[in-house]
Structure formats: structure tokens, C-alpha cells
Amino acid sequence: MRTLYVVTHPEATHHVERVVGGWHDSALTARGAAAAQAIASALRAEVPDGAEVELWSSDLQRTAQTAEVIGAAFGVRPVFDGRLREKSFGEAEGKPQEWLDARRIAPPAVGDRMAHTGGIAGLEPDSAVAQRVYAAVDEIADRPCAHQIVVTHGYALTFVVAAWVRMPVASLGYAVFKAGSGSITTLVEDDFYRSRAVVRLGEVGHLGSVG
């Protein structure tokens, strides 16, 4: 059985500052750093001692910091991959969330939702996010390691899960897999049928002790 644990980074400075994240390179807050330790402990308890572990992460600062803490718990170094980054929000990044909320145009109810850019200059369409995230997940899943960890972002999580279950990109215009900051999603592939399951989505019980 192969297990892929997908971590969404915990609290970062853009959360508390109420600015748009995306590729804005925010860092973990002190609370986020404590949450990263809790995530690492929860993952360490899930993976058998002595098992080989591979760790992949978005290369943005907040995910890289989270991955470094997890890597220390397993004695492995993260592989940083820009394809696991959050969706880019173009000119909105680093601006107040209210700025984006006041200008963003909703996607059409029908039609090509994946190409929608919301009227924001430089915003990355979901079709582009899907292309890069699917490519990264396919490469990770092709490796023989039975215990893998991916550290990514809240919006990007949908694309990681969709890639895992091999959802056609054309179907992604309406799909959302929601999970909070600092969550762990557990994905499993069966050895016999090679079927893939979403066993847990957005688990946050490990964060109970984080103030």
C-alpha cells in the first residue's frame, strides 16, 4: 500500500495581515511554526519506524519552513518544487484581501471556468495551476516509495487530490476539496487493484494543542 500525506502549510503572516497570499512569499508566524511541529509529530506517529519517506514541498517560504520541520522529524531533506506552489493571484498578491474581493469577477456558471482569470491582471487560471500540479503529482506517484509527504497550499490542495484520483482536468471547473491551514490529507493507493482513495481530508485534530 502506498500512502501520500498532503499537508497544507499552517498560519503565515499573510493570514494575520489579511493580505492576498498566492506567490506573495510570506513566512510562518510563531503560531504557524508551533503548528508545523504538531504536524511533524502527527506524521511521525503515522509512519512506521524505519520506513523510507520522501518529502516534497512548494518552494515558497511558508511551505519550505513547514517542510524543514517535517524533514527533521524523519531525517530527510525536502525536495522543493515550484509546481506545488499556490495559485498566483497576479497583481493582487500582497495587497489587502479587501482589494481583491472588491475587484474579482465571479467565474461563469457554465462554460470554460478553468480559463477564468477573474478580471485580475496576471492571475493564474486554474487550467495552468492544474497543468503544473498534475505534472508534479504524477512524477511523485511514479516513484516506488510507500510513504510520501507533500507540503502545499490551501487552494492548490484541490489539484493535488484531483491529480491523485486521476480526475480529468476538464472536470475540475466545479471541484473543490476544502481543508484548513495546517491540515493533513491522507491519500492511499491499494496494492492489488491500484485504486486510489481519499482516506482523510483536511484532518486538523493534531492542532488542538497549538495556541
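Guide: F159 is buried, at 2% relative accessible area. Buried means under 20%, exposed over 50%, partly exposed in between (1.4 Å probe, protein chains only).

Visitor: What kind of model is this?

Guide: The model is predicted: local features need pLDDT of at least 70, side-chain atom pairs count only at pLDDT 80 or more, and totals for chains, interfaces and linings use all residues. Residues are numbered from 1 along each chain as its sequence is written, and side-chain values use heavy atoms, with hydrogens and water left out.

Visitor: Back to F159. Where do Y155 and F159 lie?

Guide: Both are in helix α6, four residues apart, about one turn of the helix. Helices are DSSP runs (H or I, at least four residues), strands likewise (E, at least two), numbered from the N terminus.

Visitor: How many aromatic pairs are there?

Guide: Two. Rings of Phe, Tyr and Trp (its six-membered ring) pair if their centres lie within 6.5 Å; planes under 30 degrees apart are stacked, over 60 edge-to-face, the rest tilted. Y155 and F159 have ring centres 5.8 Å apart and planes at 40°, so that pair is tilted. Y155 is partly exposed, at 35% relative accessibility.

Visitor: And what are the values for F192 and Y193?

Guide: Centres 4.8 Å apart, planes at 85°, so F192 and Y193 are edge-to-face. Both F192 and Y193 are exposed.

Visitor: New topic. How many salt bridges?

Guide: The structure holds 14. The rule is a side-chain nitrogen of Lys or Arg within 4 Å of a carboxyl oxygen of Asp or Glu. One of them joins R2 and E189, with the closest N and O atoms 3.3 Å apart. R2 is in strand β1 and E189 in strand β5, so the pair ties together parts 187 residues apart in sequence.

Visitor: Are R2 and E189 buried or exposed?

Guide: R2 is buried, at 11%. E189 is buried too, at 7%.

Visitor: Which residues join R2 and E189 in a network?

Guide: R194 and R196, through salt bridges that share partners. R196 also lies over the face of W164, 4.4 Å from the ring centre. For a charge over a ring, NZ of Lys or CZ of Arg must be within 6 Å of the ring centre and within 35 degrees of the ring normal.

Visitor: What sits over W23?

Guide: The charged end of R85, 4.7 Å from the ring centre. R85 also forms a salt bridge with D59, the closest N and O atoms being 2.6 Å apart. D59 is partly exposed, at 34% relative accessibility.
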